[in-house]
Structures are given as C-alpha cells and as structure tokens.
Amino acid sequence: MSQATETSAAMVDAAQVAAQSRGYWKTVWLRLRGDKVTIACFVVLALIVLSAVLADWLAPADPYKTSMLKRLKPIGTEGFPLGTDELGRDMLSRLLHGGRLSLFMGIVPVVYALVIGGALGLVAGFLGGRVNMLIMRTIDVLYAFPSVLLAVAISGSLGAGVTNAIVSLTVVFVPPIARVTESVTTQVRSLDFVDAARASGAGTFTIIRVHVLSNVLGPVFIYATSLISVSIILAAGLSFLGLGTEPPHPEWGLMLNTLRQSIYVSPWVAALPGVMIFFTSLSFNLMSDGLRSAMDVRL
Amino acid sequence: MSAVVNGARAGGTPLLSVQDLRKYFPVTGGVLNRQLATVQAVDDVSFEVERGETLGIVGESGCGKSTTARLLLALITPDAGRIRYGGKEVGEGAGRIPLRELRRHAQMVFQDSYSSLNPRLTIEDTIAFGPIVHGTPRREARARARDILGKVGLDPNLFIRRYPHELSGGQRQRVNIARALAIQPDLLVLDEAVSALDKSVEAQVLNLLSDLKREFALTYLFISHDLNVVQYVSDRVLVMYLGKVVEVGPVDVMYREPQHPYTRALLSAMPSMDPDRRTEDAPLAGDPPSPINPPSGCRFHTRCPFAQAVCRDREPPLVADVAASGRSVACHLVTPGSGHPDAPAGPSA
C-alpha cells in the first residue's frame, strides 16, 4: 500500500518535472507552432530548397539545351509547362536549376559573414574598451557605403564570377552582423552571471563559449536569416549587371537580365525568375520575423 | 593603517585582510572621451575578516559596498591596495596566492538572483560549471550539483533539470548560493544576497545561510543596507560612507553605543517596533554627496550635526576606540587630541 503511494507520488513528481521543466527551445517551438505564417514560409522554403537540390531529377529537360525554333514559347505550351526563354531553353528546368545558384549565393555569403562578423562582434563586445573602439570604428567605415554600391564596387574591381560575387557579398554583410553581435554581447557581458562565471575561476574563452555564445547566438542567427533574402536579391542584382554568374549558367538574377529584352514579347515568362526571387526572399524575411518573435521569450 | 587599528582580535592570521584598497572610476565624456572626473568609489578601505566570522558591511546606496565586494574577487582591478588571503598576498609570484587559487576559496552571491543565472543553462549545468572549470570530472561535478542543491533546500529530482525562469526569486537565490558553494569555498561574499527577496523568503534564506555556515565552516562577508538583517547575521559590522570606512566593531557594541555620528544616524533610522520609541525627526537630511569630488576632510561633515572647522580641513583616520572594545572609528569628535572642540582630552593634551 505504502509502496504504491510512493510510486504514485514519484510518478506525480516525474509528471510535474516533465510539465514544468520546459527548456528554452521547447518554449520557442511551442510558440512557433501556433504561428501559421511562419510555418507556411518554412514549408515554402523547404520546397524551394528541395526542388533546387533535386533539380537533376525533377527537371523535365536539359536546362542548357537551346532551340532556335522553340524560342519564347508562352506558359502552358505542350512540353514546356512554363514556356521557354529567349534561346528556347525550358524555363521550368532552368528555374529549378537556377534555384541552386541563387540559394547558394543567398546563403553562403551570409554564413561567411556570420562567422567573420560574429567573431569580430563577439570579441569587440566582450572585451570592450579600445578593442571595441578599433573593431567597431573600422566596421563603421564599411557601413558608410550603401550595400548595393559596395557589392557592385567590389565585384567590379574583382571581376565577374560566382566566387568574386560571394566575396563582395560577404564584405557587405560583415558590418551589420558584427554590429548586431557586438550590441547583444555588450548587453550579455554586463549581466551578473558572467561575473559569477569569472568568479568561479573560468577563463575568458570558457566564459564566451559557455555563457556568452548561448545567449548571443539566437538573436544574431535570426538577424542573419533576414539577411539571406537581401543576399539573394543582391546576388541577383550582381548577376543582372553581369558581375555575378556568367551565362549560360541558370541563375534567377541572370535569367531576369537576359529575359529583359523579351519582356514585350513574353512578359509572363520574363517575370518568372522575379517571382521566384520574390517568394524566396519574402519567405526568408517572414520566417525570420516569426522566429524573432517566437524566440523573444521573456524568461 | 595597521591591522590593530582595525579592531581585529590579536593572534592568528585573519582569513582575509584588505589594506588601503582603492578604486576610482573615471567619468568620461565630451569630445574624444576625455576624463571629466573620477568617482571615488572605494577610497583606502582596510579591514580584516577572521576565519569563521561574519563581517557585515552596511551603508547607503553608492557608498562602495558592492565595489568592495567585486574588488575582493578581482572582478574589477583595484587602483591601489593589497588583498591578503590566509596571510598570502593575492597575485603571481613566490609566496603569493594566484587569482585562480583565490577563486577556489572565495565565492560570491549576487543581489539580482535573475541576472546572476544564465537563462540558457539548466540548474545542473549552472551549479556544475564551477567544479568543471576547476578540473572536477563532469560526472562527479553533476553528482555534486545534485548533492549541493539538496543542501540548499531544493529537491534535486524536481529542480536539477529546470531553467532559471521556472524558479521563484527565493529558489533562484538558493541556486545562486548552491552555485557559489559547489566549488567548496571558505569565504562567501554575499552582496545584498537577500535584499531582493520577500521578508518571509528572506528569513528562510538567512536561516539557510546560517545552517550552511555551520555545516561547511564558512566565513561570510555580508553586504547589506538592511540594518536589522546585518544585526541578525553579523559578528562584526563595518559601516561605509562614500567609499570610506567610518566605523567597524563587534555587532553588539556597534548597535548598543554607536560612536560615529553617521552610524548613530543610521541606527536611529531603524524603525522601532515600539510606538513609544518612534523616531520623530529624520536623523539625516538629504542625499549623500556625490562620490565625484567628495567633500574635503571628513566626507560626512556636510551632513554631520557636530561638524567643526577641523572636520572640513582634515580627514579623520580610523583609530581604535579608547574603550578598547575592538572597535575603530574615523571621527574627530571621538578621537582624543583631534582638534575637535568637543573631542575627549587626549593622553598628551
């Protein structure tokens, strides 16, 4: 009898722990689950990424195969569900394949910038003082240029090509990420648990790794996701200007550029790459907004 | 300023000894961040803490209590002064105790129970962090975390996996105490550790602290602005005013017959439970002067009812009480031969 009561008491305890001991990420997930827009954006992005990854299998035709006879077919043509471009290439296949480069150009510079800018901001914010001054004022110099201008200027001086476009976009995104990281780190650094950790005898590196990173990474990561859409648009812009991807590789920005001349002949087909850019960047933006509000848990 | 002056009992090395500790914070601003002024947060503070005792530090907001606490654990670097722990000076070199070693022996509990816990770590990770830093194997550190959590009155099974936001203020402060105790220190610096708690919870935590002190043979440096609490927990009391020690001595002597006018004013500001003994007049008027460019001479002279010319001109040293009650006072009024008209006659005068 008493054993049974004990067991049930233990079970109540366990249930209580399970119910009350919700971690931070669990709370975020619960809040996120109720946010339909964010979930929808996430699904759209997942589909776009998936279609880009599986383009080889999904694409009905060879994205490089030209045909002078089948130029600028409208949407819904037999065999070309989304029509053909100015060189008679299948638009659907090119859009699917183009997603690869566009997403790549959207994500990779932001990831590089996250590593570089995040490290700079973390060091500046945690050490403060002169180090902060030195790093942040240097960053401010880059900040002074409009991002499009800076990207175009760097790409222009380095020459066209995917690698150079990524380098220039990374340079564009380092300052904002560094600044956000620096401000969050400065806030976290002044909290007592950092002092408590130092009083425990922990070194600077351990404190940053265990106590600062865990609190800084979330907000910075969210900010970075909102930059992905900017990066996709900027990359498209660079390609449009002939500074990014080189033809004949399919990339949404470049496709928009080359189809520009056909806009009076076949406006709907010419708009397709733009529609893709629009949906992708919008989804990234809305998702990052949703993540931000879900992660803004007042603990 | 010698140790004897400070009212320490003779014999044995004090656990902690602080000499002429000083911290001035620069106030910068204007063009190019020029230094405009200095805040004299802690100015030539000296005191000693005996092994096993509780030294209470009291004073108004901004008098340098917390700065002193942070200086002791080298969370901020002092501008001048020496800190000795167990007779050895803190620092690198032969015959000295390195900072890392000091932080094995001395720990701190902060006032804000919320910001002193990392919101992203479980209670277990928070408590086990210190031991892991000091080289305890992870498994052992976790076991110790559970053990110590039980010691501070929280059921490990219920709390070990929780996050700080799931705890109440009193529970969080217990976790903070557990975190400080996890690396088995001798000295615990409690910086307003109970000030933010409700009265009933405060009483519980105070009782817990006195139990823990007995169990682990701890020494406390108890910083508070609450005179009742300080009276309850302390063996000796140190009163600070604008970065200076004005009076230090055994708690019963201090509370029975305070000597320094500031201590007297502080104690008379304690609300009495007896309506017939209610304080009628405000014992002190106004706010303490700014620690930026503090008053000359005795820093209290601007608010002191007994102030004379000498108080403005000369700073009173902290000298042992003539009654030899283990107390020291920094006041011209009670120091023989100080030049204050109302001072007791000096031995030579």
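Guide: Helices (H or I, at least four residues) and strands (E, at least two) are DSSP runs, numbered from the N terminus. One of them is helix α3 of chain A, residues 36–53, where A:Val37 lies. This is a predicted model, where local features need pLDDT of at least 70, side-chain atom pairs count only at pLDDT 80 or more, and totals for chains, interfaces and linings use all residues. Residues are numbered from 1 along each chain as its sequence is written, and side-chain values use heavy atoms, with hydrogens and water left out.

Visitor: Why is A:Val37 called partly exposed?

Guide: Buried means under 20% relative accessible area, exposed over 50%, and partly exposed in between (1.4 Å probe, protein chains only). A:Val37 has 46%, so it is partly exposed.

Visitor: And why is B:Cys63 called buried?

Guide: Its relative accessibility is 3%, so B:Cys63 falls under the 20% limit.

Visitor: What about B:Cys304?

Guide: B:Cys304 is in no disulfide either, as the nearest cysteine sulfur, in B:Cys331, is 6.0 Å away. At 16% relative accessibility, B:Cys304 also counts as buried.

Visitor: What makes strand β5 of chain B a partner of β6(B)?

Guide: Two strands pair if DSSP finds at least two bridges between them. Two bridges join β5 (residues 88–90) to β6(B), so they pair, and they run parallel. B:Val90 stands opposite B:Ile97 in β6(B).

Note on methods:
Chains are lettered from A and ligands numbered from 1 in the order in which they are written. A disulfide is a pair of cysteine sulfur atoms within 2.5 Å.
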